[in-house]
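This briefing is meant for a reader who is new to the structure shown below. Please keep the sequence and the model at hand while going through the points.

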Amino acid sequence: MKIPFITFLPMEKELNDDLRGAFDRVFSRSWYIEGVEDEAFERAFAAYCGAKYCVGVGNGLDALTLCLKALGIGEGDEVIVPSNTFIATALAVTYVGAKPVFAEPKLETFNIDPQRIEEKITSRTKAIIPVHLYGQACEIDAIMKIARQYGLRVIEDCAQAHGATYKGQKVGTFGDAAGFSFYPGKNLGALGDGGAVITNNEELAAKIRALGNYGSDYKYHHIYQGNNSRLDELQAAFLAAKLPHLERMNKERRRIADRYLTQIQNPKVVLPTVNEHCVPVWHIFGVRCQERDRLEKHLNDKGILTNKHYPIPMHLQECYQNLGFVKGDYPIAEEISSTELSIPMYYGITDEEIQYVIDSINEF
């Protein structure tokens, strides 16, 4: 049996008419930037998340970068980020001239440990970017408490957590603002790149919109030195077609995850822990194994494709060698990088395929 790590084919086949209708609608209008599709999607996504404002942008990295810029964070400032996350979280901090400061996660959930945030705070710390990694909310209430105590801004990185909740509240609505990615592989994915920022702050939303539109609040009037980062009409239309199905598709991901969690019973394989206050959306289902590379080969040989999130921790990436870190500085991130293996998790995987994955892991 051949099982991909991810495929969009079942979802796209199911939504074929809606997606083609979205394309025809945009094409017939011959209007491709800052139009009615973007406005409609922004309203719908803000309502879905429970936020007042949504600003469509070019991608998830831009979403975080524009949030930092809009909050006035830059040269000489420090921003605390998880030591275990995709590199875009740290790059956003770098792009505004600030310094990313890494805080370790909890090994059981992969998410940033609130207790390790406080020890990283200095007089230069201006913000925290907690990441709701792999589709499970981090302990955001504890993080918000620390932020309020020290007067810090909070930008939630929700790139992998569309629709995830913490204590019944959707992620992205706890901090000052939140960045989302609509990269095709996300739970809510475009047919290309895309992103968005949500916030309850009207002034902040307006500034982010202007910063992403060349710093312009109206045509040829530039109040900031901005960027070109806008969600185009076509991607907005595709996203609007998919959004009504997101809850149902997330529910199916939870069903798949429940089977993995209850039926994978190999003592060599450590399953993720779900925080009691969280309802995850399982963008990634990551297990840990001390013999990760051998497990990976075992599964690949049986036709099951896998991935690793992420094989090189950020502090050991060549692009951040200027920060002076060496192996051993962030042992938990390094442990995850050397043991984590992501197994197939996507809408449309069949029960037969799920069972084959489970049986193959249990045989290892």
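Contact, as the word is used here, means heavy atoms within 4.5 Å. This is a predicted model, in which local features need pLDDT of at least 70 and side-chain atom pairs count only at pLDDT 80 or more, while totals for chains, interfaces and linings use all residues. Residues are numbered from 1 along each chain as its sequence is written, and side-chain values use heavy atoms, with hydrogens and water left out. Helices (H or I, at least four residues) and strands (E, at least two) are DSSP runs, numbered from the N terminus.

**Nonpolar cores**

- A nonpolar core is a set of buried Ala, Val, Leu, Ile, Met, Phe, Trp, Tyr and Cys residues joined through side-chain atoms within 4.5 Å, where buried means under 20% relative accessible area, computed with a 1.4 Å probe on protein chains only.
- The largest such core has 43 residues, and the members that touch the most others are Phe41, Phe45 and Phe182.
- At least two residues of this core come from each of α3 (36-49), β3 (99-103), α7 (140-150), β8, β9 and α9 (233-242).
- When neighbours within four places in sequence are left aside, the residues in contact with Phe41 are Phe182, Leu188, Leu231, Ala236, Leu239, Ala240 and Leu243.
- A second, separate core holds 35 residues, among them Leu71, Leu91, Phe102 and Tyr330.

**Helix α8**

- Helix α8 spans residues 202-211, and its residues Leu204, Ala205, Ile208, Ala210 and Leu211 are buried.
- The cover over the buried residues of α8 includes β1 (53-57), α4 (60-70), β8 (177-181), β9 (195-199) and β10 (216-218).
- At the start of α8, a side-chain oxygen of Asn201 comes to within 3.0 Å of the backbone nitrogen of Glu203.

**Strand pairing**

- Two strands pair if DSSP finds at least two bridges between them.
- Strand β2 (residues 78-82) pairs in the parallel sense with strand β4 (residues 125-128) over three bridges, and Ile80 stands opposite Ile128 in β4.
- β4 also pairs in the parallel sense with strand β5 (residues 153-157), over two bridges, with Arg153 in β5 as the bridge partner of Ala127.
- An open sheet of three strands has the order β7-β6-β12 with antiparallel pairing, and its edge strands, β7 (169-170) and β12 (278-279), each pair on one side only.
- Within this sheet, strand β6 (residues 165-166) pairs with β12 over two bridges, and Thr165 stands opposite Val279 in β12.

Notes
Buried < 20%, exposed > 50% of the residue type's maximum accessible area, 1.4 Å probe, protein only. Polar contact = N/O pair within 3.5 Å; in protein donor to acceptor, adjacent residues only side chain to side chain.
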